[in-house]
Number of protein chains: 2
Amino acid sequence: MEYSEAKERYIEAWGSLGSSWGVNRTMAQIHALLMIATEPLSTEEIMEDLKISRGNANMNIRALLDWGLAKKVLKPGERKEYFATDKDPMVLATQVAKERKKRELDPIIRLLEEVSAVQGEGKEVKEFKKVTADLKGFAKQADSVINTFIQSNSNWFFKILGKITR
Amino acid sequence: MEYSEAKERYIEAWGSLGSSWGVNRTMAQIHALLMIATEPLSTEEIMEDLKISRGNANMNIRALLDWGLAKKVLKPGERKEYFATDKDPMVLATQVAKERKKRELDPIIRLLEEVSAVQGEGKEVKEFKKVTADLKGFAKQADSVINTFIQSNSNWFFKILGKITR
DNA sequence: CATAACTTTCAAATATTATTGAAAATTAAA
DNA sequence: TTTAATTTTCAATAATATTTGAAAGTTATG
């Protein structure tokens with residue numbers, strides 16, 4: 001396969017994968033581009049490569065910075081901003097886990113805390129309490145696992161992989 | 001909190017959570033409803049409770065069946081179809097993991113297999129090969145973990161939780 | 001300060017995705 | 001077979017999300 005074709009397919013796939021991971025298509029594509037870049041890229045270069053507008057590029061670069069998935073790189077003597085990403089997949093996974101936990105798991109646990117304390121004695125209410133309490137318990141276990149994952153170094157994953165498959 | 005308020009908030013939250021987990025809002029809301037139902041529900045009951053059209057209800061019930069997140073229940077002597085879901089959060093998690101693996105992880109691994117075999121010797125090509133190979137390796141490890149998770153019984157989660165937090 | 005380089009904003013335009021509802025299809029019972 | 005209950009389909013519509021691009025904002029430099 002030609003490099004240009006491979007690159008195109010990889011960026012497109014990463015983009016659609018991104019959508020199902022809570023980051024929008026363009027954001028994921030910019031990330032994909034930074035992953036394979038041999039040096040930091042400027043907004044202009046990103047615009048050109050992905051054929052997107054300045055506004056779009058700017059917005060999504062900000063979002064990547066916000067998610068901790070890209071960082072600003074300043075070249076000495078240059079005014080323009082360049083961007084780069086950490087290329088270790090584990091760092092990526094950790095960062096995504098951290099952000100999604102904050103944006104999704106934490107709020108749902110808080111909500112389940114609230115609604116599982118509902119008043120009443122009827123059959124429906126009892127079932128509701130049981131189900132939401134079970135979900136809350138599960139969500140908290142998931143939270144523990146994710147916290148452990150986030151806090152530990154990049155060998156963690158492979159260490160437990162060893163343990164559980166032994 | 002009143003039951004009606006708690007129920008509303010829970011269904012709304014589950015719906016928006018769903019979006020970020022690859023299932024659409026209505027699909028997640030129907031699932032939420034089935035989770036707290038004390039008996040199987042008909043399409044009519046779902047339409048009424050969530051105030052959605054027949055077409056919408058039907059489509060999303062099919063999608064839930066397709067994801068393995070709901071099952072048909074036939075009441076003897078009745079023609080109408082009823083639907084129910086497994087209420088164990090672990091069963092839910094397993095099912096979602098299984099489907100998302102099939103829909104997302106498996107395809108991306110296949111793509112990475114292909115594109116990491118790109119031809120060429122330049123700096124860009126070398127970097128591309130390295131990055132995509134790393135991603136592929138990571139994706140395969142993730143695949144192992146998920147497979148173990150899917151195959152094992154519901155105690156698995158707590159067992160490894162014990163191991164890794166020890 | 002004035003200018004130019006660069007970044008950010010945001011209202012309007014587009015594109016994408018979800019929803020409706022009525023008609024068509026299916027199926028069970030009469 | 002006919003009828004009626006039920007489910008499915010799908011084109012039209014509505015809702016949501018993304019993208020554009022030009023104007024406004026910012027900041028370094030002469």
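Predicted model: local features only at pLDDT ≥ 70, side-chain atom pairs only at ≥ 80, totals over all residues.

Modeller: In general, the strands of a sheet pair through backbone hydrogen bonds, and the pairing may be parallel or antiparallel. One pair of facing residues in chain A can be picked out: A:Lys72 stands opposite A:Phe83, which belongs to β3(A).

Now widen the view to the whole sheet. It is an open sheet of 3 strands in chain A, with antiparallel pairing and the order β1-β3-β2. Strands β1 (41-42) and β2 (71-74) of chain A are at the edges and have a single partner strand each, so one side of each has no neighbour in the sheet. A helix also belongs to this picture. Helix α4 (residues 54-66) of chain A lies across β2 and β3 of chain A, and its direction makes an angle of about 55° with β3(A).

Chain A is divided into domain 1 (3-84) and domain 2 (89-165). Their C-alpha centres lie 30 Å apart. The contact between them takes 7 residues from domain 1 of chain A and 6 residues from domain 2 of chain A. The two domains of chain A bury about 710 Å² between them, and 69% of this is on carbon and sulfur atoms. On the side of domain 1 of chain A, 64% of the area buried against domain 2 comes from A:Trp21, A:Trp67 and A:Leu69, more than from any other three residues. The count of salt bridges between these two domains of chain A is 1. A:Arg103 and A:Asp66 form a salt bridge, with their closest N and O atoms 3.5 Å apart. A:Asp66 falls in the range of helix α4 of chain A, residues 54-66.

Last, consider the two chains together. In general, two copies of a chain are related by a rotation about an axis and a shift along it. Here a rotation of 180° with 0.0 Å of shift along its axis superposes chain A on chain B, with an RMSD of 0.1 Å. This is the relation of a two-fold axis. The same surface serves both copies, as 100% of the contact residues of chain A recur in chain B. The contact takes 52 residues from chain A and 52 residues from chain B. About 4900 Å² is buried between chain A and chain B, and carbon and sulfur atoms give 77% of it. Across this interface there are 4 salt bridges. B:Lys87 and A:Glu127 meet through their side chains in a salt bridge, at 2.5 Å from N to O.

How values were computed:
Residues numbered from 1 in each chain as written. Chains lettered and ligands numbered in written order. Heavy atoms only, no water. Pairing = 2+ DSSP bridges. Helix = DSSP H or I, 4+ residues; strand = E, 2+ residues; numbered from the N terminus. Contact = heavy atoms within 4.5 Å. Axes fitted to C-alpha atoms, helices over the stretch in contact; angles between N-to-C directions. Least-squares fit on C-alpha atoms with pLDDT ≥ 70 in both. Domains from an automatic or database assignment. Buried area = accessible area lost by both parts, 1.4 Å probe.
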